[in-house]
Amino acid sequence: MTYSIADAEQELKVKRGALNLRWYPHYHLAARAGWMNDPNGLVWFDGWYHAFYQHHPYSTQWGPMHWGHARSQDLVHWEHLPVAIAPEGPEDKDGCFSGSAVVDGDTLALIYTGHKFHGDAGNEDNLYQVQCLATSRDGIHFERQGIVVDTPPGVHHFRDPKVWREGDSWYMIVGARLGETGQVRLYRSADLRQWQDEGVLDEAEAGMGFMWECPDFFPLNGRRVLMFSPQGMNADGFKNRNLFQSGYLVGDWQPGQPFVRAGEFAEMDHGHDFYAPQSFATPDGRRIVIGWLDMWESPLPEQQDGWAGMLSLPRELSLSHDNRLQMRPAKEVESLRQVWFPWPVNTLKNQQISVAENAGAMEVVLNWNCAESTAEQYGISLGDGLRVYVDAQQQRLVLERYYPQHALCGTRSVPLSSDRDLSVRLFIDSSSVEVFVNNGEACLSSRIYPDAGNRELRLFAWSGSASLIDGGAWQLE
Ligand code: FRU
């Protein structure tokens, strides 16, 4: 099959009309129809935020990747634009894989991975991944400029270029797999076209994964953060529970110098569904990250509805004094707030109470006094499928989802300290929840699939009492 943007657009128009919207997000970005995975090319250009994404317009399954495209003035209201690039080949004939965008004077440049097999696609020895360039003046129509970095000898998995400007140079990092070792490779250029190999920026030690996907590298609070999505890390107690992880290393770096780590790999989000995050800088200097709110090989029930996959809320990053990455919803998210419903509840004693009959798009705010709470479990539930609660015996905040009809059941959790108040902000959309804990300390994001009529919100406290300092919800636009 040959692919073109015109065919993709035609396909999307037809498919869009046939969607079942029961789980389609109200205020998160999802594809018009078909499949979506990683966010790509997040950038501010010509007065707009642009978000591109891995996209298969022809099906709700992953397939030959195109770059979907949307733009926004405020990071929450998105306008769909035509597909930006299609796997027209030959350098990307089997897919336009993930990558990034930079502004070069009056030009928007996309740097992405051309994915191609030379021969039988069933044999990984035939796989070649190369870094390609496409440019645009209007931010909508892109001209393909071909390969700018070829596959290094002995490597097959070599993808997800992230480009940035520093001093007089452009830099690019690319995720790679050398044997069983995940790596990040560094390149430098004066013009985005000729790239010089600068060696390996960092690589996995034992247990840190066989492939590092979607690397990103940026300054934050005077340090340098290497963010990436390793494949092949083993679960370890409450850590690394998902098939693949997304996380970071904090360290220091200067052009021409090695990257020196100042700590261990840590996960960014502790829910079931957060992968391949990418960051970008806003014009006012904030570092924002958006991730894919899904996980590889996890059931995606919305596939029966004609679409699959969505992106997370934009999250502002900061670094704590002990070098931990903190994420808070970008301030623009507050512009979605409409009506505030306070919940006049002080104490719950071995009971549950209904606080909203049908939670659609909502931001829930809860502040618990943990020191004064004796309940073994207390928190909030959405229908029969989701609970976000304190497990006082384990001293953890737990996100539990229970959708046996979709084969999606299980918990994720983060540790808590019992003597401190606990603040939680939950962002509920049609089929997602993002939980921000203690103003950036931790985050848990998961997909949820409530049936219609099964979206009642209840506060509960079992085996004891729970003390709520304040609570309520914003109805979101
Ligand atoms: C991460 C990823 C990338 C790749 C893309 C393909 O989710 O596997 O490494 O470029 O998805 O769609």
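Visitor: How far is an oxygen atom of the ligand from an N or O atom in the side chain of Gln-54?
Guide: This is a predicted model, where local features need pLDDT of at least 70, side-chain atom pairs need 80 or more, and totals for chains, interfaces and linings use all residues. Residues are numbered from 1 along each chain as its sequence is written; side-chain values use heavy atoms, leaving out hydrogens and water. A polar contact here is a pair of N or O atoms within 3.5 Å. For Gln-54 the distance is 2.7 Å.

Visitor: Which residue has a polar side-chain atom 2.5 Å from an oxygen atom of the ligand?
Guide: Arg-159 has a polar side-chain atom at 2.8 Å from a ligand oxygen. The residue at 2.5 Å is Asp-160.

Visitor: How much of the ligand's accessible area does the protein cover?
Guide: Accessible area comes from the Shrake-Rupley method with a 1.4 Å probe. On its own, the ligand has 320 Å². The protein covers 96%.

Visitor: What is the angle between the planes of Tyr-24 and Trp-307?
Guide: The structure holds 26 aromatic pairs, with ring centres within 6.5 Å. Tyr-24 and Trp-307 are 5.0 Å centre to centre and edge-to-face (over 60 degrees). Tyr-24 is in the loop between α1 (5-16) and β1 and Trp-307 in strand β20, so the pair ties together parts 283 residues apart in sequence. The angle is 70°.

Visitor: Where is the proline of the cis peptide bond from Gly-89 to Pro-90?
Guide: Omega of this bond is near 0°. Pro-90 lies in the loop between β4 (78-85) and β5.

Methods
Polar contact = N/O pair within 3.5 Å; in protein donor to acceptor, adjacent residues only side chain to side chain. Phe/Tyr/Trp six-rings, centres within 6.5 Å; stacked < 30°, edge-to-face > 60°. Helix = DSSP H or I, 4+ residues; strand = E, 2+ residues; numbered from the N terminus.
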